[in-house]
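Here is a short report on helix packing and charged pairs. Have the sequence and the model open as you read.

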Amino acid sequence: FETTLQLASRLADPDLVAKAKTFPYQILTTMQNLDPKAPGALSDALDQAMEIATANVPALPGRTVLAVDVSGSMHAPVTGYRKGSTSKTTCLDAAATLAAAVLRRNPDATVIPFHDSTVDVTLDAREPITRLAERLRKLPSGGTNCSAALVELERERAEADTVIYFS
């Protein structure tokens, strides 16, 4: 039990997370590979570490738009399919987690999920990163139309200083 608490303490140590320059999607991969029988203190510590790791994501000036590809192809492993090396983390896991982290650091950002077309979603930047990412991962998927987000911005006559695509 003492070893578990020591490990949990290190995992959620703000100085160690900052020193490692860890990004939230790296912590997500760790969470996905954590043994389901592992003590809850470890998964709680990883949740805390993910929140801490958002400090490693830049705050961007001006209006930011986050275009998140939720199409079917995003359900493929982020490593591709490789015998013995296929990751549990999908492209969508990485995209949704990164987008959630950028949203956390840029709470006025607009998130536009897309597949064949855009998907309406309202996200609260104060929600835990894991919950924000989960909401994006659960959106309907379809084909891939990367221009759908730009078409939506044009339709709204919206201006943006920064547009980030997660695809």
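## A pair within one helix

Arg-155 and Glu-152 both sit in helix H7, which spans residues 148–155. They are three residues apart, so about one helical turn separates them. This is a predicted model. In it, Arg-155 and Glu-152 form a salt bridge, with the closest N and O atoms 2.6 Å apart.

The two partners differ in accessibility. Arg-155 counts as exposed because its relative accessibility is 60%, and exposed means over 50%. Glu-152 has a relative accessible area of 14%, so it is buried, the cut-off being under 20%.

Asp-93, Glu-134, Arg-137 and Lys-138 belong to one network, built from salt bridges that share partners.

## The wider count

How many salt bridges does a search of the whole structure find? The search gives nine. Side chains of opposite charge can pair when their charged atoms come close.

One of the salt bridges joins Glu-51 to Arg-104. Their closest N and O atoms lie 2.3 Å apart. This pair links distant parts of the chain. Glu-51 belongs to helix H4, Arg-104 to helix H5 (residues 91–105), and 53 residues separate them. Glu-51 is partly exposed, at 27% relative accessibility.

Another salt bridge brings together the side chains of Glu-127 and Arg-135, at 2.9 Å from N to O. Is Glu-127 buried or exposed? Glu-127 has a relative accessible area of 14%, so it is buried. Arg-135 counts as partly exposed, with 32% relative accessibility.

## Packing of H3 on H4

The axes of H3 (residues 24–32) and H4 (residues 40–53) come within 8 Å. They cross at roughly 170 degrees. That angle makes H3 roughly antiparallel to H4, because angles over 145 degrees count as such. The crossing of the two helices is left-handed.

Which residues of H3 meet H4? On the H3 side they are Pro-24, Ile-27, Leu-28, Thr-30 and Met-31. On the H4 side they are Ser-43, Leu-46, Asp-47, Ala-49, Met-50 and Ala-53. By class, this contact has eight nonpolar residues, two polar and one charged.

Conventions: Residues are numbered from 1 along each chain as its sequence is written. This is a predicted model: local features need pLDDT of at least 70, side-chain atom pairs count only at pLDDT 80 or more; totals for chains, interfaces and linings use all residues. Side-chain values use heavy atoms; hydrogens and water are left out. Axes are lines fitted to C-alpha atoms, for helices over the stretch in contact, and angles run from 0 to 180 degrees between N-to-C directions. Helices (H or I, at least four residues) and strands (E, at least two) are DSSP runs, numbered from the N terminus. Angles under 35 degrees count as roughly parallel, over 145 as roughly antiparallel, 65 to 115 as roughly perpendicular and the rest as oblique. A crossing is left-handed if the near helix is turned anticlockwise from the far one by less than a right angle, and right-handed if clockwise. Contact means heavy atoms within 4.5 Å. Ala, Val, Leu, Ile, Met, Phe, Trp, Tyr, Cys and Pro count as nonpolar, Asp, Glu, Lys and Arg as charged, and the others, Gly among them, as polar. A salt bridge is a side-chain nitrogen of Lys or Arg within 4 Å of a carboxyl oxygen of Asp or Glu. Buried means under 20% relative accessible area, exposed over 50%, partly exposed in between (1.4 Å probe, protein chains only).
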